[in-house]
Amino acid sequence: MSTDTEIAPPEPRGGLDRYVSIIELRFLALFVPALFLVLVLLTAGYEWHGYTRAVDQLKQRLGAVTSNLSIIMAEPLYRGDRRQIRLLMASVIADDAVAAFAIYDMNGGLIDNFGLPKDEPPEWRMSQFVNFADQEGLRQVGRLEIAFTDRHLREQTLNRFGFAVISVGIMLLAALVIVHVSYSRSIGRPINDLRRAVKETRDGARGRVTWDSDDEIGDLMSAFNALQDREEKSLSLLTETQRDLERRVRERTRELEQASSEALLANRAKTEFLAAMSHEFRTPLNATIGFASLLIEDGEAVSSERRSQYLQEIVRSGDILLSLLSKLLDYSELETGTLRITPEATDPLAIVEAVVTEETARAAHKSVHLDFQASLSGGNLIFVDSSRYRQIVTNLLGNAIKYNRPDGRVFASLDNVRDGWCRLTVRDTGEGIAEGMYDKVFIPFDRLGREAGSIDGAGIGLALVKRLTERMGGEIDFTSVVNEGSTFWVEFPLVSRRPV
């Protein structure tokens, strides 16, 4: 049961929104027109101011040019020197600001002209009488009219305004870049971090925002992280409480199930144990009783050789019974915790060599060759109960011989393939164990399908070996290949080296 409220992640954005946030777009929608209007007004005002000043200067220039021309033209007009008048007129009309120019004699007759000054606006026209002074006095010799135009001023103003518009565009673009960078660093990044943290807040996980500033955004991020911490603690407490309740329910259910099935399991275990033991005990008992009966009934007629054979079979059956009873008692004491184990510094090489010597005869009886090699030098000690370690070695070698093929081989070795550990390895060339039965190898009373075979045993040898090994701080494992054989090994840590 989930205790976390999932927060739906933001919808994926496309187009311009992928690079510019919606908040920034809204801000720019207000900022850009306002900035553009301000820049345009400032530029237009500046240009208008410059234009009016230039117009005033041009009008002042019109008066100055007219006054100067009335003085310069006085003598040529008095003398009627048309050539000089034309030259002066040419110098005047060469000015781009002059739109028209006309010269009249003292009677008002037109002497020469360039355009018609009267066609120009009155504010750009000026008329001036030309007076000539000599010894006879001051007298009027003519009149001139001149007209200026502000066309060049307008063109220059328009050119400057176009450049100003380009400048405004550049400034506006620069302002946009500055605003975008500033927004991204101071607002965009924390908002994106907050979006990421919200997106990561799901399935019990709580995202955090790594942002440190002394402004309102920093306070917001700190508050968000604190909220996430409180939410995470609450969810953790709720989850832990839920898990504890579920665990208690499972334990109680398991206890009830165990209590309800214990009687059945006990009866089943009892039945299986009695069935297995009845077969294992019946075989050697029948052999003992049978051979003993033969000796009693035909004692005098039985040859000494046959009598010796019968007695050997009786002894062998007795040994089998004794071995079964010993294993059952040991396993029972291990299960109940009453088996006494007395660890001491023990030389494993001496014990393994002694057991190999004892088992060689049994192996020869079954036509099995037993080979032993030791790379672990004498004097290396392990801390175990020597009698129980001997029991482990005996069981492993006995199983390897018992379940081997005729003319098979058993390879035993004692070494320290793992630094600081003593390993006993027993490998046989028997039928091997199917992979599907690996989990049953160390289960007591399970003989892996050999219950109906001719090989004696109760199926507790390996279970006993495993429990003894683990009880004394060792490790056991095995590998097996069907039709090739099995390899079992036990390891105990080396504790010291016996002094020379």
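1. The protein chain contains nine helices and 11 strands. Helices (H or I, at least four residues) and strands (E, at least two) are DSSP runs, numbered from the N terminus. The model is predicted: local features need pLDDT of at least 70, side-chain atom pairs count only at pLDDT 80 or more, and totals for chains, interfaces and linings use all residues. Residues are numbered from 1 along each chain as its sequence is written, and side-chain values use heavy atoms, with hydrogens and water left out.

2. Of the 500 residues of the protein chain, 34% count as buried. Here buried means under 20% relative accessible area, exposed means over 50%, and partly exposed lies in between (1.4 Å probe, protein chains only). Among contacts (heavy atoms within 4.5 Å) between residues at least 6 apart in sequence, 68% join residues at least 24 apart.

3. Helix H8 covers residues 386-402 and has 17 residues. The expected span of a helix is 1.5 Å times one less than its number of residues. For H8 this gives 24 Å, and the end C-alpha atoms are 24 Å apart, which agrees.

4. H8 is largely enclosed by the rest of the structure, because 12 of its 17 residues are buried. Among them are Arg388, Tyr389, Gln391, Asn395, Leu396 and Leu397.

5. Which residues have the most contacts inside the largest nonpolar core? They are Tyr389, Leu396, Leu397, Leu414 and Leu424, in a core of 40 residues. H8 supplies the largest share of this core, seven residues. A second, separate core has 26 residues, including Val55, Leu77, Ile103 and Leu144. A nonpolar core is a set of buried Ala, Val, Leu, Ile, Met, Phe, Trp, Tyr and Cys residues joined through side-chain atoms within 4.5 Å. In soluble globular proteins, nonpolar side chains tend to be buried together.

6. The surroundings of Leu397 can be listed individually. Leaving aside residues up to four places away in sequence, Leu397 touches Val355, Val356, Glu359, Leu370, Val410, Ala412 and Val426.

7. Two packed helices are described by the angle between their axes and the distance between the axes. Axes are lines fitted to C-alpha atoms, for helices over the stretch in contact, and angles run from 0 to 180 degrees between N-to-C directions. The axes of helix H7 (residues 348-365) and H8 come within 9 Å and cross at roughly 35 degrees. H7 passes H8 in a right-handed crossing. A crossing is right-handed if the near helix is turned clockwise from the far one by less than a right angle, and left-handed if anticlockwise.

8. The contact of H7 with H8 involves residues including Ile351, Val355 and Glu359 in H7 and Tyr389, Val393 and Leu397 in H8. The residues of this contact divide into 11 nonpolar, three polar and four charged. In this division Ala, Val, Leu, Ile, Met, Phe, Trp, Tyr, Cys and Pro count as nonpolar, Asp, Glu, Lys and Arg as charged, and the others, Gly among them, as polar.

9. At what angle do H8 and helix H9 (residues 461-471) pack? The angle is about 145 degrees, with the axes 10 Å apart. H8 passes H9 in a left-handed crossing. Arg388, Gln391, Ile392, Asn395, Leu396 and Asn399 of H8 make the contact with Gly461, Leu462, Leu464, Val465, Leu468 and Thr469 of H9. The residues of this contact divide into six nonpolar, five polar and one charged. The buried residues of H9 are Gly461, Leu462, Ala463, Leu464, Val465, Leu468 and Thr469.

10. Most residues other than glycine have a negative phi. Asp407, however, has a positive phi near 65 degrees. Asp407 lies in the loop between H8 and strand E8 (409-415), and counts as exposed at 66% relative accessibility. Asn483 also has a positive phi, near 70 degrees. Asn483 is placed in the loop between strand E10 (475-481) and strand E11 (485-497), and its relative accessibility of 57% means that it counts as exposed. Just after H9, Gly473 takes a positive phi of about 85 degrees.
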